[in-house]
Amino acid sequence: MKTINVLFVCSKNQWRSPTAEAIYRRDDRVSVRSRGTAKAAVQTIRASDIAWADVILVMEDKHRQRILAAFPGEAKFKPMHVLDIPDDYRFMDDELVELIRSAAEPIIAVSLHESKRFPPR
């Protein structure tokens with residue numbers, strides 16, 4: 001079964017993106033990483049993370065803007081989606097888990113479908 005690389009991004013890589021990574025860590029359809037856009041993030045996003053990712057899922061539009069500003073060449077043609085999940089939750093909060101699943105699942109499903117239609121060369 002083909003897997004896709006999914007990069008989840010928030011600000012500090014403290015609650016939202018690590019929760020998303022934990023949710024999908026054991027999902028055989030995907031390989032996951034989580035990163036933050038802030039310099040003080042637990043794990044700050046790097047160009048190599050963007051290169052690794054098949055799709056980038058950011059929590060807020062400001063994260064998309066920061067990635068595009070910091071990595072214009074790497075991120076220009078990379079599929080990136082805003083999940084619209086505010087920074088109102090702690091790690092593995094039940095409501096946060098539900099928000100991530102409901103926002104990310106359709107995007108992951110489409111990305112998997114497209115990866116089968118357009119395999120890498």
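**Exercise 1. State how many salt bridges the structure holds, and trace those formed by R29.**

Solution. The structure holds eight salt bridges, a salt bridge being a side-chain nitrogen of Lys or Arg within 4 Å of a carboxyl oxygen of Asp or Glu. The model is predicted: local features need pLDDT of at least 70, side-chain atom pairs count only at pLDDT 80 or more, and totals for chains, interfaces and linings use all residues. Residues are numbered from 1 along each chain as its sequence is written, and side-chain values use heavy atoms, with hydrogens and water left out.

Step 1. R29 pairs with D27, their closest N and O atoms lying 2.7 Å apart. D27 counts as buried, at 18% relative accessibility; buried means under 20% relative accessible area, exposed over 50%, and partly exposed in between (1.4 Å probe, protein chains only).

Step 2. R29 also forms a salt bridge with E105, at 2.7 Å from N to O. Because E105 lies in helix α5 and R29 in the loop between α1 and β2, this pair ties together parts that are 76 residues apart in sequence. Helices (H or I, at least four residues) and strands (E, at least two) are DSSP runs, numbered from the N terminus. E105 is partly exposed, with a relative accessible area of 29%.

**Exercise 2. Determine whether D49 and R46 are buried or partly exposed, and identify the network they belong to.**

Solution. Step 1. The closest N and O atoms of the D49 and R46 salt bridge are 3.7 Å apart.

Step 2. D49 is buried, at 0% relative accessibility, whereas R46 is partly exposed, with a relative accessible area of 45%.

Step 3. Salt bridges with shared partners join R33, R35, R46 and D49 into one network.

**Exercise 3. Describe the largest nonpolar core and the contacts of Y24.**

Solution. Step 1. A nonpolar core is a set of buried Ala, Val, Leu, Ile, Met, Phe, Trp, Tyr and Cys residues joined through side-chain atoms within 4.5 Å. The largest one has 22 residues, of which V6, F8, Y24, L57, I100 and I108 touch the most other members.

Step 2. Two or more residues come from each of β1 (4-10), α1 (16-24), β2 (30-36), β3 (55-58) and α5 (94-117). The largest contribution, seven residues, is that of α5.

Step 3. Leaving aside residues up to four places away in sequence, Y24 touches F8, R29, V30, V32, I100, R101, A104, E105 and I108, where contact means heavy atoms within 4.5 Å.

Step 4. A second, separate core of 12 residues includes L7, I45, I50 and W52.
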